[in-house]
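Have a look at the sequence and the fold first, then read on.

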Amino acid sequence: MLKSTRQCLFRGAMNTSAALLDSPLAAPDGRHTLQRQLLQRLKQSILDGRLPPGSRLPASRTLAEQLAISRNTVLLAYAQLSAEGYVRADRQGTRVAPLPSAPDTGALPPPCAPAAQRVARFAPSARHAEPGMALRPGTPALSHFPLGAWRRTLDRALRDMPNATLGYGDPAGEPALRQAIAQHLAVSRGVRCHAGQVVITEGAQEALALCVRLLGNQGDTAWVEDPGYRGAKAAFQAGDLRIVPVRVDAQGLAAPAALWRARPPRLIYTTPSHQYPTGAVLSAARRLELLEHARRAGAWIIEDDYDSEFRHHGEPIPAMQGLADDAPVLYIGTFSKTMFPALRIGFLVLPPALAQSLRTAVDELLRGGHRHEQLALAAFIDSGQFARHLGRMRRLYRDRQQALRAALARHLRVQHEVLGGHGGLHLAVRLPPECDDRAVAAAARRAGLAPAALSAFALRPTERDNGLVLGYGNTSAELFEPLVRRLAQVMTTPP
């Protein structure tokens, strides 16, 4: 019996050598050391069954001689296999550990479980267009950002940071930045808040997602503007909310009384100061009416102050949040357009009634990070550089919008209507039904332009949603004449 066992172990060792000697180990380089090659071969032989459970590996000295490598290389490979649970070492040697047998792949379903059902509800957007393409909405004038001043501010923040700042920070964000934002919003946007109500997020999209997580329950009803921002719809879909599209007209969100009775909301998303994408401003009467109805319904309004800093005519439109001390409004904003998108810093201003009660949830859901960028941004705001940059950008974008309007009037021969357009970084242009906006947008992309189809922003598109959204933030004023001529040619060329 003992002789038979020894013969089996010997055959197992010979099988191991055969499995490892079917081709020589390659000359080592920085990524593929001899130890790593040997380890991979042993693992693969175990996983594909050439070394079945119970097989004894050759003695380290024997295998080293057979492979013409150092014994230490073999010992290290064996030790790693043991640490990962592929082999077990005892007095009689090193044996392959029992592992589940490889299943018959032909009899199994696909290896990955299906994604969550909510994923199927996400509609593709046109974000595959290159950020630098002309007429692309939502892209600021990155070449005009004061990169040198920002770099110096970052350098100072890094130089002055104590070592403790390398650790996790306050989950709600750096106190200095929260204070700077609260002061800026009070002066520029009429927002009523203090630093304790401000939560720093990774852009406006995380602020939206946080609103849903903090205040939405599965199956709750959420209203969104239609047409409106796709990111809000995605955030509500990710929270398994029931989305109700609410039409937008020249005065912004138009919620009829019957809708309040039939589909009372838990959350309402709106962009009142510069509706995205139509550019409409929510009238004072509708703002007050929305606040009153929300109070009665126990609903929360998410006010996305999109593009509000870039008002081209008259004074800025104040935020709806500032209309009342106890407004049921969660105010969100971002520095993606006022600074640059890659900064990925946004913020959420919680109502006073929620700031304290949700603090524990905020602490559990978020982790303080990007601390030196936050400290640098606080210094950038406090020093006045941010306000000066905004002033320069307002003038630049005003000139660019005027140039785009003039080019449209001269060269866009099809019947059209320019919507909103008194601020921001884009214009919406309504087109006649015979100009299919999605087909035009696709043809324009092939011609090197990146307008967005207006109907793509609507959950329930109507004939009035047929149009284009034209960005002018990233395009010099002198280029609009040839660009609009090219766009006009695309629109009149048969597909």
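This is a predicted model: local features need pLDDT of at least 70, side-chain atom pairs count only at pLDDT 80 or more; totals for chains, interfaces and linings use all residues.

Residues are numbered from 1 along each chain as its sequence is written, and side-chain values use heavy atoms, with hydrogens and water left out.

**The domains**

The domain assignment gives domain 1 (38-100), domain 2 (147-384) and domain 3 (388-492); such bounds come from an automatic or database assignment. Between domain 2 and domain 3, the C-alpha centres are 27 Å apart. Their contact takes 26 residues from domain 2 and 27 residues from domain 3, where contact means heavy atoms within 4.5 Å.

**Helix 10**

Helices (H or I, at least four residues) and strands (E, at least two) are DSSP runs, numbered from the N terminus. Take helix 10, residues 284-297. How far apart are its end C-alpha atoms? They are 20 Å apart, which agrees with the 20 Å that its 14 residues should span at 1.5 Å a residue. That expected span is 1.5 Å times one less than the number of residues.

Buried means under 20% relative accessible area, exposed means over 50%, and partly exposed is in between (1.4 Å probe, protein chains only). The buried residues of helix 10 are Arg286, Arg287, Leu290, Leu291 and Ala294. Looking down the axis of helix 10, you find these buried residues within an arc of 135°, so they line one face of the helix. The arc is taken from the directions that run from the helix axis to the C-beta atoms. On the other side of helix 10, Ala284, Ala285, Leu288 and Arg296 are exposed.

What do the buried residues of helix 10 pack against? Their partners are strand 5 (242-249), strand 6 (252-253), helix 9 (257-262), strand 7 (267-270), strand 8 (300-304) and strand 9 (329-334). Just after helix 10 comes Gly298, with a positive phi of about 70°.

**Charged pairs**

Side chains of opposite charge can pair when their charged atoms come close. A salt bridge here is a side-chain nitrogen of Lys or Arg within 4 Å of a carboxyl oxygen of Asp or Glu. By this rule the count is 21 salt bridges. The table gives some of them.

| Salt bridge | Closest N to O |
|---|---|
| Asp170 and Arg178 | 3.4 Å |
| Arg295 and Asp326 | 3.2 Å |

Asp249 counts as partly exposed at 33% relative accessibility, whereas Arg286 counts as buried at 18%.

Arg295 is partly exposed at 34%, and Asp326 is exposed at 53%. Elsewhere, salt bridges that share partners join Asp170, Arg178, Arg359 and Asp363 into one network. Within that group, Asp170 is partly exposed at 24%, while Arg178 is buried at 7%.

**Cysteines**

How many disulfides are there? The count is 0, a disulfide being a pair of cysteine sulfur atoms within 2.5 Å. Cys193, for instance, is in none, and the nearest cysteine sulfur, that of Cys211, is 14 Å away. As for Cys435, this residue is buried, at 8% relative accessible area.

Two prolines follow a cis peptide bond. From Asp226 to Pro227, omega is near 0°, and Pro227 lies in the loop between strand 4 (221-226) and helix 8 (230-238). From Tyr276 to Pro277, the cis bond has omega near 15°, and Pro277 is in the loop between strand 7 and helix 10.

Positive phi also turns up in residues other than glycine. Arg344, in the loop between strand 9 and strand 10 (346-349), has phi near 50° and is partly exposed at 33%. His370 has a positive phi of about 50° and lies in the loop between helix 12 (359-365) and helix 13.

Arg371 belongs to helix 13 (residues 371-382) and is buried at 16%. Not counting residues up to four places away in sequence, Arg371 touches Ala164, Thr165, Gly167, Tyr168, Gly169 and Glu174.
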